[in-house]
Each structure stands twice: as C-alpha cells, then as structure tokens.
Amino acid sequence: MSDFPTKARVVIIGGGVVGTSSLYHLAKKGWTDCVLLEKNELTAGSTWHAAGNVPTFSTSWAIMNMQRYSTELYSRLADEVDYPMNYHVTGSIRLAHSEERMQEFERAASMGRYQGMDIEILSPEETKERYPFLETHDLVGSLYDPHDGDIDPAQLTQALAKGARDMGAKILRFTPATGVTQHDDGTWTVHTEKGDIACDYVVNAAGYYAQRVGEWFKPYGGRTVPMMVMSHQYLLSEEIPEIEAYTKGTGKKLPLLRDVDVSYYLRQEKHGFNLGPYEPNCKGHWMSDDDPMPEDFSFQLWNDDLDRIEDIVTDAMERVPLMGTSGVSRVINGPIPYAPDGLPLVGPMPGVKNAFEACVFTFGIAQGGGAGKVLAEWIVDGHTEWDMWAVDPRRYTDYTDQDYCNQKGLEVYGNEYAMHYPHHEWPAARDKKLSPVHAKVKELGGVMGAYNGWERANWFAQPGDDTSLEATHTWGRSGPWEQRIKEECEAVRDHCGVLDLPGFSRFALNGPGAAEWLRGMITGGLPKVGRINLAYFADERGRILTEMSVLRHAEDGFVLITAASAQWHDFELLKRNLPDGLELIDCTVDMSTLIVTGPKSREILADLTDADLSLGWLTHQKAKVAGLDAILVRVSFAGELGWEIHASFANMPAIYDAIIDAGAKPFGMYALNSLRIEKGYRAWKGDLSTDYSLLEGGLGRFVKLDKSQDFPGKAAIQNEKQQGVKKQFVTLLVEAQDCDAPYMSCIWHDGQIVGETTSGAWGYRINASVALGMVRPDLAAPGTELEVEIYGQKCRAVVQEDQPLWDPANERLRA
C-alpha cells in the first residue's frame with residue numbers, strides 16, 4: 001500500500017466515537033500527523049448500536065464538564081466540518097419520586113448553573129406542562145435540562161472523522177492492530193495486518209476490546225484493564241399517532257424522559273418511543289469460559305431477553321400510557337463496557353510510558369466530545385484544563401481483579417441512576433485488601449468502607465445500632481453514625497483515640513543525590529534527618545499535583561507517604577522523572593499504620609514503648625512498641641497530640657491490642673474527616689487538585705521561590721504572585737441545616753456564584769458546620785458574609801481567619 005503511513009506522532013487503536021474524537025482534537029491542537037486504526041468499519045463496536053442520548057446531568061464535576069463540552073461541540077460540529085448530522089436538542093426531564101431525589105437534583109442544578117447551564121427544578125404541574133402525556137400524581141417534582149437531547153452516533157463519528165481528515169490526520173479502516181513494541185527510547189511500533197507504524201504515543205481506544213488490547217502493553221509495565229461488558233437492551237416502539245400530532249402541532253419533539261427511581265429513559269424516536277431500561281436483574285457477557293469473547297463482534301447484537309426488563313416496561317407504560325398503545329418494532333441488545341465505578345478510563349496508561357487510554361465508556365456518545373478534548377490535552381500539554389481524576393486510569397490499582405470488575409460492573413449497571421449518599425458504601429466486591437487487624441476492628445464494631453481497595457472503619461457501631469444499607473439512604477448528617485462519630489471525636493479531644501489506617505501509599509527513595517533531586521521536584525524545602533515535613537508537587541502551571549509527607553532518615557534516604565488512592569498516580573510522578581542511580585521502591589504493602597492521638601496519648605504509649613516521647617512535633621524515631629519493632633512519627637491528622645505508628649503487618653496486631661487494652665478508643669474515617677476539617681487540613685482530590693494553584697490553595701508557605709532549584713511550576717507561581725490569584729482558599733463556618741456542604745457546592749454573594757466548596761463536614765469539637773472552599777479574592781477577608789447552597793438551600797456562611805478553627809496556635813498538637 002503506497003499510502004500506508006509508516007510513521008505517526010500518535011496511533012489511536014479503535015474507531016468509535018471516542019477514538020475519532022481523540023484524533024479530531026489532536027488535529028485541532030496542531031498534531032495532524034496522527035493515525036487511527038479500526039479493524040472493521042468506523043462505529044463497529046458499541047458506537048453503532050448506541051441510543052445516542054446526550055445528557056449534561058452528573059453529580060461529578062469532571063463528568064459534567066466533559067458532557068457539557070460535548071453538547072457545545074456537537075451543536076457547532078456539523079457547520080464546522082461541513083457534515084450534516086441529526087442532533088436534536090429536545091431538553092430532558094428527570095422525575096423525582098422522593099425528597100431525597102429532589103435534593104440530588106438541586107445539587108446537580110446548582111453545579112450546572114455554575115458551569116453556565118440554565119437547569120430548572122419543576123413542580124409536578126410544571127412537569128406535566130412540559131410533557132403532556134405524563135402521569136404525575138405520585139411525583140414530587142423533576143429536573144429540566146434544556147441542553148439534553150440525542151444525536152445519531154454514526155453521523156457524529158463520521159463528522160469527527162471528516163474533521164480530522166480535513167486537517168491532515170489519517171484513518172485506516174479494516175486495518176486491525178495486532179500488537180505493539182516499545183523501544184528503549186520510549187517510542188513505539190504498532191503492528192497491523194498491513195504493516196508497521198512507528199510512533200511516539202499509542203492510545204487504547206478499543207471500547208469493549210480495550211482489555212484485550214491492554215494485554216499488549218504488559219511487557220512494558222502495563223496491567224489488565226479493569227473492565228467488564230454488560231448486555232444493554234432498548235426497544236423501539238411502532239409509530240404512535242398522538243406523538244406525530246404533537247410534533248406537527250408544536251414543531252418540536254417531546255423532551256427526553258428519565259424515570260431515574262424506576263431506572264429507565266424514554267425518548268421520542270421519530271413518531272414512536274425508544275425505551276432504555278437499566279434493570280437490577282441485569283446480565284454481563286464474556287465473563288466465563290462457556291461465554292468467551294469472540295475475536296470480532298463488529299456490528300453484531302445478542303438475541304433479546306425481554307423477561308429481564310418486563311417490570312420496567314410495565315412501569316413505563318403506566319407513567320406514559322401512550323407507550324401501551326403501540327407494539328414493539330425492534331429490540332437492540334448490545335455490548336456496553338463498564339469500569340468498576342461506571343466511569344471511563346481517560347488519561348495516562350498506568351505503568352507505561354508514552355501510552356494513554358480512552359476506553360471503557362458506558363456513555364460514550366455523551367462523553368465522547370469531552371473525552372477527545374481531555375485526551376488531546378494529556379498527550380500534547382501533559383495536563384488537562386479541568387482536574388480529571390474521576391476518569392484517570394490510575395485511580396484503580398492492583399485490587400481490581402476480574403472478579404472485582406465483574407461484581408462492580410453488575411452492581412453499577414443495576415444501580416445506574418442510584419443516588420450516591422455520603423454515608424453509603426456499595427456492598428459488592430468488598431474485602432479485597434485487609435488490614436492486619438481487620439478482624440479485631442470488625443469485632444469492635446467497625447462499619448467498614450473501601451479506600452483504594454483497603455477496608456477501613458468509617459465509624460464504630462454499638463450493639464443495637466442500625467448498620468443497614470437502608471439507614472444510609474439520606475443526604476443528612478443524622479443517622480445511626482452521628483452519635484458515635486461525636487463520641488469518637490470527643491475521645492480524641494479529651495482522652496486518646498486509635499485509628500487503624502492500612503493502605504497509606506509509601507515509597508522508599510534512596511541513593512546519592514536523592515535529596516538534591518527531590519528539592520528540584522517539590523515547591524518547598526526538605527526536612528532535616530530525623531524529621532518530617534509536608535511537600536507539594538506542582539505542574540508547570542503551578543497547580544497542585546499532589547501532597548506527600550517526607551520522612552528523612554539519612555542525608556539521601558527518604559520515605560514518602562501519600563494518600564491511599566494516590567498510590568499509582570504519585571509513584572508514577574516520581575518514577576517518570578527519576579534519574580539513574582536513585583532507587584524508588586513502592587513499599588505500601590510492607591507496613592501498616594495506626595494513628596494514636598489525643599491529650600492522653602503520651603500516657604497511653606508511655607508504658608508500651610521505649611521511644612523518647614519528649615521528642616517534638618514533626619520528628620520520627622525507631623522504637624519498640626509492645627516489644628515489637630515500629631516507627632513513631634510525631635504527627636496527627638486529627639490535630640491533637642499524637643503519633644503515627646508504622647509497623648510491619650506481622651507486628652501490628654499485638655501493637656493494636658496493646659493500645660486498645662491501655663484504654664485508647666477506636667475511631668473511624670468519618671471522625672477523622674471531622675477532626676481534620678476543623679484544623680483546615682486539606683484532602684487530596686477535594687481541596688487539593690489541579691483545578692487550583694498552590695497560591696490559590698493557601699499553600700504559599702510551602703513554596704520557596706528563592707531556592708536555586710527550578711522546580712516544576714516555579715515560573716508560573718512567580719508570575720501568579722505578581723499578577724494576583726483568581727481564587728482564594730477560605731474556611732467557612734456555615735449555618736447549615738440537616739446537611740453539611742458537599743464537594744462543589746456553590747458559594748453565593750449578592751445573587752452571584754462567587755466560588756465553590758471543596759469539602760464540608762460537621763466539627764464536633766467546635767460544634768459547627770465547616771466548609772473549605774475557594775472564593776473570589778475580594779471576598780476572602782475574615783468576617784465576609786456569604787451563602788453556601790446545600791442541596792438547594794442557601795445557608796449563611798462567614799469567612800474565618802486564616803488559621804485552624806480548633807487550637808489555632810497548635811498548642812495541643814505540640815504539647
């Protein structure tokens with residue numbers, strides 16, 4: 001083939017909507033020498049049979065950004081690339097059967113307003129006006145999104161492909177990729193049935209075949225792609241005269257309807273209906289030896305299985321009686337890939353240099369436009385406009401075996417429209433990683449949550465407490481846990497608490513020059529030998545990549561400790577910049593951690609250890625605890641006198657038992673969250689994210705612009721310091737009602753949105769609702785009165801002094 005390209009900057013494997021969007025956006029950024037490979041025709045995977053709904057609604061800030069961008073792109077794309085498309089912006093109505101659902105809608109509407117979308121909350125009567133064929137007698141209300149609609153997936157894909165080709169990118173159809181080879185310089189050769197292509201970067205955009213393609217990358221540091229495949233059915237009705245008359249009379253289509261509490265969408269399709277259920281009695285495919293994934297499933301479907309969805313179809317007919325007046329003309333039953341949380345994988349491929357993923361899209365049509373934008377930014381710029389941790393492939397680590405993926409995929413699909421309450425933990429595929437004292441924690445009443453696969457106690461129940469999942473179905477603060485969290489916080493305040501904290505990510509860094517290299521990576525300084533400090537890593541824009549605790553045990557010997565969920569993200573950040581001669585080892589599973597904290601913690605530990613407990617704050621030492629080797633670190637995320645005890649898995653059970661027997665009260669993650677927010681301590685990917693610079697985040701004291709090292713982001717931070725920040729971190733006391741402020745609640749002033757919360761919780765030591773957030777700099781002065789919108793209620797909030805709310809001088813911490 002004379003026109004077969006043998007070189008490219010980027011090769012994308014997979015020709016669905018996401019692959020073509022990625023190619024289009026790379027070309028838009030000037031990278032036109034890119035190639036897309038498709039083994040069949042474009043759209044042959046999940047794209048061709050997709051229903052084509054294009055919602056903006058989400059309670060994830062990142063997903064809402066991505067979907068909003070898609071709608072904006074699709075509205076102009078046909079003209080931009082001169083390719084006609086059927087894109088119907090019909091608006092949509094989401095029905096609420098409960099006050100809890102209306103609270104969720106209020107939160108999403110508030111987020112949407114912040115992103116510039118005029119989302120409305122409707123009464124049942126107003127809902128009926130927008131959708132005259134609807135039964136509304138048992139509804140509480142609805143959410144109306146004017147930007148929602150549907151698009152023809154094949155036309156969308158072809159439009160993106162045409163746009164990319166017109167800019168110089170190449171698309172090779174009927175050209176299956178067969179493997180990849182990475183060379184010593186990090187470049188790639190992608191092998192196809194028609195020849196090899198040398199390239200700098202490879203993208204896995206292979207849809208439901210992404211796991212199979214992912215296997216090619218294992219020799220170069222890759223892992224099994226965490227995913228499974230679900231069977232999703234939707235049915236098309238015969239034409240209905242009343243719908244035809246409505247459309248002719250009004251000149252428009254009916255709004256797309258979603259009855260989320262029953263779990264289906266209902267859309268006008270020509271002059272009939274398209275009904276798409278997400279049934280709890282769902283089915284996965286290609287999960288067992290007797291149902292293997294075929295080599296090629298292009299443009300294929302499964303036989304229909306209507307028994308699974310019978311109840312939902314019946315309910316839909318009762319909600320919209322017109323549905324019952326026509327027969328079914330066609331059933332579509334096709335494969336949809338699912339990641340364990342139902343969100344796609346977009347970003348750097350874990351463990352593999354110069355490889356990216358844009359795959360496992362459950363809602364690829366709605367998210368495809370935004371995904372292409374995000375992926376192109378990752379490849380070309382090395383960062384994204386919005387923080388996209390919600391879809392970053394590195395959010396999953398080694399606990400996502402196939403059993404986990406299968407169980408979670410079934411759970412997510414069967415609860416596609418479920419509300420994600422703040423105290424609710426999903427039960428499928430648990431106990432993947434257990435603390436060495438897990439059994440003891442459970443025996444003491446631990447009600448568990450999963451953190452990067454590790455089981456930790458969220459709170460400790462007493463006999464008779466309701467620990468059912470049903471009890472957690474509330475957005476409110478109150479529940480069986482509330483009194484227990486209060487007691488746990490009071491124990492830490494007045495006596496001594498102990499928190500079992502397995503899964504802290506920890507990396508050992510050693511070798512000549514390690515200290516100098518680390519100084520060039522972080523924004524601030526390093527601790528002296530025998531001490532510990534916080535270090536921040538910025539990107540080139542001066543935005544917050546991550547935070548690590550740095551323990552220094554030798555001139556060039558360090559242990560770096562970071563959040564459990566940051567394990568692969570932070571290890572890769574260090575590893576990809578590591579010079580020859582330095583050794584970096586992930587030793588997360590070698591040790592576990594206890595937090596022992598409270599004014600009596602020194603007394604509790606005195607009889608158990610030979611450590612020098614008079615050593616000051618931010619020190620560490622090797623010692624015996626309960627006669628066993630451990631490391632004591634004089635810090636406490638709870639903001640009281642305390643120590644972290646780091647010990648091997650083998651030693652931890654005896655140490656934990658001894659501390660409990662000495663009188664420490666076990667406390668959980670909910671209490672820790674309350675305690676840390678009173679101190680203004682930030683949480684990763686809430687308060688600390690690439691949406692904010694270090695200066696915006698109030699972390700200027702961790703930046704040393706006068707040091708000689710040219711750390712990433714130094715120039716940007718210097719410039720920002722001269723120009724001034726666009727947002728400023730604040731601590732707020734909020735006159736909240738039943739609920740505390742969730743992440744990304746709007747902050748208002750004089751009828752305008754002026755910022756957002758990054759986290760919120762009740763502080764049991766100060767007996768008040770606290771929110772951390774970002775506001776316009778002119779509104780960051782202490783005493784400024786603002787409002788925080790919490791599930792639709794605007795609550796008075798007051799900016800506090802730039803110091804901890806509890807123990808502002810840190811006297812208790814340093815005691």
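1. Leaving aside neighbours within four places in sequence, T56 is in contact with M64, Q67, R68, T71, M117, D145 and H147 (contact meaning heavy atoms within 4.5 Å). T56 lies in the loop between β2 (34-37) and α2. With a relative accessible area of 0%, T56 is buried (under 20% relative accessible area, with a 1.4 Å probe and protein chains only).

2. On provenance: this is a predicted model, in which local features need pLDDT of at least 70 and side-chain atom pairs count only at pLDDT 80 or more, while totals for chains, interfaces and linings use all residues. Residues are numbered from 1 along each chain as its sequence is written, and side-chain values use heavy atoms, with hydrogens and water left out.

3. The secondary structure comprises 18 helices and 38 strands; these are DSSP runs numbered from the N terminus, helices being H or I of at least four residues and strands E of at least two. The radius of gyration is 27 Å, close to the 28 Å that the globule rule gives for 815 residues, so the protein is as compact as a globular protein of that length. That radius is taken over C-alpha atoms, and the rule is 2.2 Å times the number of residues to the power 0.38.

4. Along the principal axes, the C-alpha atoms fill a box of roughly 80 × 65 × 60 Å. Of the 815 residues, 61% count as buried. Among contacts with a separation of 6 or more, 73% come from residues 24 or more positions apart.

5. Helix α1 (residues 17-28) packs with helix α5 (residues 153-166) at an angle of about 25 degrees, their axes 8 Å apart. Axes are lines fitted to C-alpha atoms, for helices over the stretch in contact, and angles run from 0 to 180 degrees between N-to-C directions. The two helices are therefore roughly parallel to each other (angles under 35 degrees). V17, T20, S21, L23 and Y24 of α1 meet L156, T157, L160, A161, G163 and A164 of α5 in this contact.

6. Helix α2 (residues 61-81) also approaches α5: the axes come within 10 Å and cross at roughly 50 degrees. The contact involves L73, Y74, L77 and V81 of α2, together with L156, A159, L160, K162, G163 and D166 of α5.

Technical notes
Angles under 35 degrees count as roughly parallel, over 145 as roughly antiparallel, 65 to 115 as roughly perpendicular and the rest as oblique. Buried means under 20% relative accessible area, exposed over 50%, partly exposed in between (1.4 Å probe, protein chains only).
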